[in-house]
Amino acid sequence: MTLERAQATLKKVFGYDRFRPLQSDIIQAVYERRDTLVLMPTGGGKSICFQVPALTLDGTAVVISPLIALMKDQVEGLRGNGAPAAFINSALSAEESRAVEDELMNGQIKLLYVSPEKLVSQGFQPLLKRLKISLFAIDEAHCISSWGHDFRPEYTQLKFLKEQYPQVPLMALTATADKLTRKDIADQQQLRQPATFIASFDRPNIALAIRPGQRRLEQIADFLKKHPGQSGIIYCLARWSCEELSEKLNKRGFKTAYYHAAMPAKLRSQVQEDFTNDRTPIICATIAFGMGID
């Protein structure tokens with residue numbers, strides 16, 4: 001496999017003329033069947049690093065992601081560009097899951113997104129063994145580390161991938177890992193002499209400001225008034241506070257919705273679709289929403 005085909009796929013599917021820094025080097029390492037550890041900031045182009053190889057290699061790439069919202073966003077984006085992708089997670093009915101499995105067995109899916117819980121489940125293992133797997137990509141890989149697995153305990157069980165599929169290249173991707181955590185990820189996942197890529201985290205388009213906690217609602221409303229017509233996500237610490245803040249902002253004339261894990265799957269999906277299609281510009285959410293959404 002050559003980078004010329006990767007370049008052609010980048011242009012045809014994603015519309016980009018050239019790769020960002022490190023992307024082509026990471027893809028070349030995958031073509032050489034090397035394990036890779038990728039540290040790249042959110043919005044830095046991590047997904048291209050596994051999506052392009054997945055679309056150019058024989059077989060199906062399995063992408064492990066902990067966030068249903070991210071899976072849905074990436075799969076819909078890929079399908080919209082003509083790339084055969086699907087996901088299997090708790091948001092699907094049994095009938096929908098079977099339909100995806102049928103497509104996989106027929107070789108119609110190049111990228112399969114699964115949650116870590118689904119991947120390690122006994123019911124999923126027979127399907128996995130029947131697939132021709134081109135690549136494993138573990139997103140949010142800091143959850144593998146002993147420092148980060150509280151968010152998703154199942155990440156600690158992913159070491160079986162290298163044990164049962166030693167010849168399949170594995171890519172671990174994260175935006176959050178210091179030197180110790182990177183070593184921990186490589187050790188826990190049993191990566192074999194991984195090629196490590198660390199991108200620049202200089203993001204001039206991102207600003208961070210810390211303000212006093214008094215008059216929170218007024219501060220949020222004032223901020224939104226200064227950005228009319230723009231989309232955004234307001235993160236809350238609790239599910240109830242998402243609903244409460246959304247209700248208060250709606251009463252003040254802003255068009256918002258809330259998103260959290262206790263909502264029915266269909267309602268969560270509708271909220272996400274309304275946000276990504278600009279029908280609802282503002283979402284009040286817990287951190288399970290919006291991470292990685294383009």
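Visitor: Why is Tyr-113 called buried?

Guide: In this predicted model, Tyr-113 has a relative accessible area of 0%. Buried means under 20%, so Tyr-113 is buried.

Visitor: Why is Phe-50 called buried?

Guide: The relative accessible area of Phe-50 is 2%. The cut-off is under 20%, and Phe-50 is therefore buried.

Visitor: What makes Phe-50 and Tyr-113 an aromatic pair, and which kind is it?

Guide: Two rings pair if their centres lie within 6.5 Å, and those of Phe-50 and Tyr-113 are 6.5 Å apart, centre to centre. Planes over 60 degrees apart count as edge-to-face; here the angle is 65 degrees, and the pair is edge-to-face.

Visitor: Why is the pair of Phe-50 and Tyr-113 said to tie together parts that are apart in sequence?

Guide: Phe-50 belongs to helix α3 (residues 46–56) and Tyr-113 to strand β4 (residues 111–114), so the pair joins parts that lie 63 residues apart in sequence.

Visitor: Why is the pair of Phe-136 and Tyr-165 called edge-to-face?

Guide: The ring planes of Phe-136 and Tyr-165 stand at 65 degrees, with the centres 5.4 Å apart.

Visitor: Which parts does the pair of Phe-136 and Tyr-165 tie together?

Guide: Phe-136 is in strand β5 (residues 133–138), and Tyr-165 is in the loop between α8 (160–164) and β6 (170–174). The parts they tie together are thus 29 residues apart in sequence. Phe-136 and Tyr-165 are buried. By the rule for ring pairs the count for the protein is two.

Visitor: Why is Asp-25 called partly exposed?

Guide: Asp-25, in helix α2 (residues 23–31), has a relative accessible area of 43%. Buried is under 20% and exposed is over 50%, with partly exposed in between, so Asp-25 is partly exposed.

Visitor: What is noted about the phi of Leu-22?

Guide: Leu-22 has a positive phi of about 80 degrees and is not a glycine. Most residues other than glycine have a negative phi. Leu-22 sits in the loop between α1 (3–14) and α2. With a relative accessible area of 24%, Leu-22 is partly exposed.

Visitor: Where does Arg-33 lie, and what is its phi?

Guide: Arg-33 is in the loop between α2 and β1 (36–39). Its phi is near 65 degrees, a positive value in a residue other than glycine. A relative accessible area of 45% falls between the limits of 20% and 50%, so Arg-33 is partly exposed.

Visitor: How do you know that the radius of gyration of the protein agrees with a compact globule?

Guide: For 294 residues a compact globule would have a radius near 19 Å; the protein has 20 Å, which agrees. The C-alpha trace spans about 55 × 45 × 40 Å along its principal axes. The protein has 12 helices and 10 strands, and 48% of its 294 residues are buried. Among contacts with a separation of 6 or more, 75% are between residues 24 or more positions apart.

Notes
Residues are numbered from 1 along each chain as its sequence is written. This is a predicted model: local features need pLDDT of at least 70, side-chain atom pairs count only at pLDDT 80 or more; totals for chains, interfaces and linings use all residues. Side-chain values use heavy atoms; hydrogens and water are left out. Helices (H or I, at least four residues) and strands (E, at least two) are DSSP runs, numbered from the N terminus. The radius of gyration is taken over C-alpha atoms; the globule rule is 2.2 Å times the number of residues to the power 0.38. Buried means under 20% relative accessible area, exposed over 50%, partly exposed in between (1.4 Å probe, protein chains only). Contact means heavy atoms within 4.5 Å. Rings of Phe, Tyr and Trp (its six-membered ring) pair if their centres lie within 6.5 Å; planes under 30 degrees apart count as stacked, over 60 as edge-to-face and the rest as tilted.
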